[in-house]
Amino acid sequence: MSVPADGMSRADAGRLPAAARARRRRRPSGEPPPLPRQLNKSGKFWLMVAGVAVLFCALLVPSGGLTLRLDEIEGPVLSGLAAVRVDPLTTFFRGLDAAIRPVVLAVWWGSILVMLIWRRWRHLFVWIGTLWLVSNLTDVANQVIQRPRPLTVEMVGSWQGFAMPSRPVAVLAATAVNVLYALVPAGRARDRGKLIAAGLVGLVCAGRLYLAIDHPTDILVGVAIGVAIPLAGWRLLVPNDVFPVTYRRGRAAHLDVTGHRGEAILRALHDQLGVVVTAVKPFGLEGSGGSTPLRMTVKSEPETYLFGKLYAITHLRSDRWYKMGRTLLYGRLEDEKPFNTVRRLVQYEDYVLRLMHSADLPVPEPYGFVEITPEREYLLVTEFFAGAHEVGDVEVDEALIDQGLQIVRQLWEAGLAHRDIKPANLLVRDGRLLLIDSAFAEIRPSPWRQAVDLGNMMLVLALRSDVRTVYDRARLRFSDSEIAEAFAATRGLTMPSQLRRMIREHGRDLHAEFTKLLPQRLPPIRIQRWTVRRVGLLAGVVVLAVLASQLLVALLRSPL
Amino acid sequence: MRRPALMSLLLLAALTGGCVNTGELAEDVGRLPSCTSKPGTVRRGVLIMAQAVPSAQWLPCIRTVPPGWSFDEIRPRDGEVTMLFSSDRDGMHALTVLLRPSCDVTGATEVPSELPEMRRFERVTRVSSGYGGERHYIFDGGCVTYRFDLRGSTRAEPVAAVSESLAFLSRQKLDEMVRQVSGGRLRLDPD
C-alpha cells in the first residue's frame, strides 16, 4: 500500500504514476542523512594526531629539563645521521631547505592568482585562513615552548626561531594540503598529488634531520599541525561535494548532482516523498543563479518528470549577499531580511508556492521538499512543465495577454507579489500561460512592489505583441491610475535584468511607448530610501574594506 | 568537529596569535633568558643564544627586569639573536639586545669596561626627545650590542638601571650546566 508522503497531499500523490510511488521510510534516530557531512577517516585521524601533538607540546612548556630529557632520546638519531654526512648530500639538503621559503611564497601568490581568476572566493578565504592559522599557532608555540635546537650534534643548515614545532615544515605541509584541496580536482589527480606532496614534505623533513636543525619530534608536531588544520578547514568549510574544484566555466551556484550527491537525491526522494526517480539532470542552468534546477525522471511508462530546485548553504549566502547589496544600493524597499537557514529558505518557497497554487494561479504543483544534508542541502520538488516554451519564444496573442494580466490580478487579490516577472519565468504550453519560480515571491508586499509586477508583466507581454493591444487589454482589468502607478514604479533596476536586456535588443523603448498612452502620468516613484540601517551598513562596509585591504596587503607580501 | 568547535579553535588561535604578548607569557612560565636557573633545568633562551652564535664565549642574560620594563621576546636565528624589551615610559622596543659573532664599532668610542673579559664601546645617536644610542661589548668570538631607543622624558636616565639588569653568562658555565642536568649525556657544543 502506498502512503502519501509528508508534505504531499493524497491528491498530489495520486497524480504520479503508480510505478513512481513507493513506501516512505522514516530515518531512524542515529542513522546518517542521505548525504552526511563528515571529516572522513583521514580528517579525523589527522585531528587526533594534532590533538596528541598539542598535548605533547603542553607537557614541554613548564620544564626546561624535559626538553633536555627528550634531547637525550633523540640525540642518537641525529648523531647517527651526522656520522654519515657527505658533502654533496649536505649541499643538496641545504639547497632544498633554502628553497622552502621562496617555493611557499611562489605557490602562495600563484594560487591566489588562480583562485581569483576562477573566482573561488571560498577556497581563497579558507586558504588564507588556514595558512595564517598554522603560521600563527606555530609561532606562538615556538615562543611558549622555547625548545633549543639539537644539542651535542653540529648543525650544518640555516635555522630561525626555536625548534618545537618545526615552523617551516608546518607551513610547507599546510601549503601542500592547500594546493591539493584548492587547485587539484578531486579524484585520481588529487590522490596522485597527495603521494607527490607526501614525498616532497618527507624529503624536506629528512633533510632537516640530516642537517640536524630539527629534532624528530619537532618535525612530527609540525607535520601534524600543518596537515590537520588545513584538512579540517577544507573538509568542513569547503566540502568537495558542495564546492568541487573544476576548471570548467560555469556558475558557482550550481552543484554537481553526480556521484554521492546524485545517489543521495534518489534515496531522499524515495524515502521522504515516496517517489521513485531514476535519473537526475541539471536543467535550464543558464536561467538560474540562486539554486541548481533539476529535471528528475520518474520511473513510469511513459516517462514522466518532476522539477527540482536544489538549495545549499551557498545559495543561502548568495541570498544574504543579494539582500545586503540591495539594502546598500537602494535602502529598504521591502522585506530584505535574509534567511537564517537553508531549511527556512526552502520552507518559505514551498509555502509561497502552495499559497499560489491554492489561489488558482497557474504555477507548478508543489510536491514538498526533501532533506539531503540537514541544515545544508534541501531539494524542492514540483511539477515539471514538459513541452513548455518561454513566453519570449512564442507569439503572444490576446488570449495570452489576458492570461498574463489575470495572473497579476490574482496575485494582487491573494495578497502576493511574484517580484521576478520576466520572460524566463513565464512559460507557454498548449496556449496556457504558466508562472514559475516563486523564490522571490512575497506575501503582503508593499503596493509599490505589486505595481512593479504589473509593469513588468505588461512589458514582457509587449515584447512579442504590441504595446497598444497590451494596454487596451490591461484597461479591462486595471484602472488607469493603477496602470499609471505601475509605470511610475517600474523603471531601471526594478526590471529583471533579462527583461531589460530583451527590451534593449528589441530596439524600442517600450516603457516610453506605454507612458505615452497613459491619460495621466505620475512622477517616478523613488526607490532610494535612506535608513539608519543603510547608513550603518555602508559605514561597516567601508571599515571592513579598509581592514581587509590592509590584511590582504600584509598577506600578499608574505604569509610567513 | 562541529562548526562551533572549529570556530572556537579559530578564535583561540586568533587570540593567541594576535593578542597574547608572548613575552609576558614567557615571563609568567619562567621563559626569560635569565642568568640563573632552577635546579635540574637550563634556561632555554640562553641555550639557543649559544647555539645561534657558537663562537661566542659570553652570552647575555637577564638578571632582573627593572620596574616599568618588560621583556617582549627573543628572536634567535643562526648567526644572530635579538632580545626586545619595552618600557611603559620609554615606549615599545625601547631596548634591543643583539648577540652576533662581531660588530661594526666605527664611530663608537671605547670606554673603560666594567667587565675585564670584554671591551666596551659607546655611541650616542640622539639626545633630543629621549635618548638614542648603542653600547657594544666585544669579547672572544662574539659581540653584544645594547641598542637604546628611549622616547620618554627622562632621557638617558634609564640606561644605567637597564644596563645593571643585564649580565653575561660564560659559555663554559652553560656547558657545565647542560652536562650536569643531563648526567653527562649531553653537551652544549659538538666535539
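User: Let's take H123(A); is it buried or exposed?

Analyst: H123(A) counts as buried, because it has 22 C-beta neighbours inside 10 Å, and the cut-off for a buried residue is 20 or more. Please keep in mind that this is a predicted model, and that every value I quote is computed from it.

User: Where does H123(A) sit, in which helix?

Analyst: H123(A) is part of helix α5 of chain A, which covers residues 121–145.

User: And what is H123(A) in contact with, leaving aside its neighbours within four places in sequence?

Analyst: Once those neighbours within four places are set aside, H123(A) has contacts with M115(A), A182(A), V238(A) and F243(A).

User: OK, zooming out, how many helices and strands are in chain A?

Analyst: Chain A has 18 helices and ten strands. Of its 560 residues, 41% are buried, and among the contacts in chain A with a separation of 6 or more, 77% are between residues 24 or more positions apart.

User: What about chain B, how many helices and strands there?

Analyst: Chain B contains five helices and nine strands, and read from the N terminus their order is α-α-α-β-β-β-β-β-β-β-β-α-β-α. Buried residues account for 32% of the 191 residues in chain B, while residues 24 or more positions apart supply 56% of the chain B contacts with a separation of 6 or more.

User: Which residues touch the most other members in the largest nonpolar core?

Analyst: That core has 102 residues, and the ones touching the most other members are V134(A), A173(A), A224(A), I225(A) and A228(A), together with M49(B) and L59(B). There is also a second, separate core of 46 residues, with A417(A), L433(A), L459(A) and M502(A) among its members. As general background, nonpolar side chains tend to be buried together in soluble globular proteins.

User: Let me follow up on L59(B): what is it in contact with, beyond its neighbours within four places in sequence?

Analyst: Beyond those neighbours, L59(B) is in contact with V46(B), M49(B), A50(B), L99(B), F168(B), L169(B), R171(B) and L174(B).

User: Switching to helix packing, at roughly what angle do α4 and α7 of chain A cross?

Analyst: The axes of α4(A), residues 87–117, and α7(A), residues 188–210, cross at roughly 120° and come within 9 Å. That angle is why α4(A) is described as oblique to α7(A), and the crossing is left-handed.

User: Which residues in α4(A) and α7(A) meet there?

Analyst: From α4(A) they are L89(A), F93(A), L96(A), D97(A) and I100(A), and these meet L203(A), V204(A), G207(A), R208(A) and Y210(A) of α7(A). By type, the residues of this contact between α4(A) and α7(A) comprise seven nonpolar, one polar and two charged.

User: And α12 with α14 in chain A, at roughly what angle do those cross?

Analyst: Helix α12(A), residues 398–413, and helix α14(A), residues 467–475, have axes that come within 10 Å and cross at roughly 50°. Because of that angle, α12(A) is oblique to α14(A), and their crossing is right-handed. On the α12(A) side the contact involves E398(A), I401(A), D402(A) and L405(A), and on the α14(A) side T469(A), V470(A), R473(A) and A474(A). Those residues of the α12(A) and α14(A) contact divide into four nonpolar, one polar and three charged.

User: What is the phi of R444(A), then?

Analyst: R444(A) has a positive phi of about 50° despite not being a glycine, and its place is the loop between β10 and α13 of chain A. R444(A) counts as exposed because it has 10 C-beta neighbours inside 10 Å. In chain B, S129(B) also has a positive phi, near 50°, and it lies in the loop between β6 and β7. With 11 C-beta neighbours inside 10 Å, S129(B) therefore counts as exposed.

How values were computed. Residues are numbered from 1 along each chain as its sequence is written. Chains are lettered from A and ligands numbered from 1 in the order in which they are written. This is a predicted model: local features need pLDDT of at least 70, side-chain atom pairs count only at pLDDT 80 or more; totals for chains, interfaces and linings use all residues. A nonpolar core is a set of buried Ala, Val, Leu, Ile, Met, Phe, Trp, Tyr and Cys residues joined through C-beta atoms within 7 Å. A residue is buried if 20 or more other C-beta atoms lie within 10 Å of its own, exposed if 12 or fewer, and partly exposed in between; C-beta atoms are placed from the backbone. Two residues are in contact if their C-beta atoms, placed from the backbone, lie within 7 Å. Axes are lines fitted to C-alpha atoms, for helices over the stretch in contact, and angles run from 0 to 180 degrees between N-to-C directions. Helices (H or I, at least four residues) and strands (E, at least two) are DSSP runs, numbered from the N terminus. Angles under 35 degrees count as roughly parallel, over 145 as roughly antiparallel, 65 to 115 as roughly perpendicular and the rest as oblique. A crossing is left-handed if the near helix is turned anticlockwise from the far one by less than a right angle, and right-handed if clockwise. Ala, Val, Leu, Ile, Met, Phe, Trp, Tyr, Cys and Pro count as nonpolar, Asp, Glu, Lys and Arg as charged, and the others, Gly among them, as polar.
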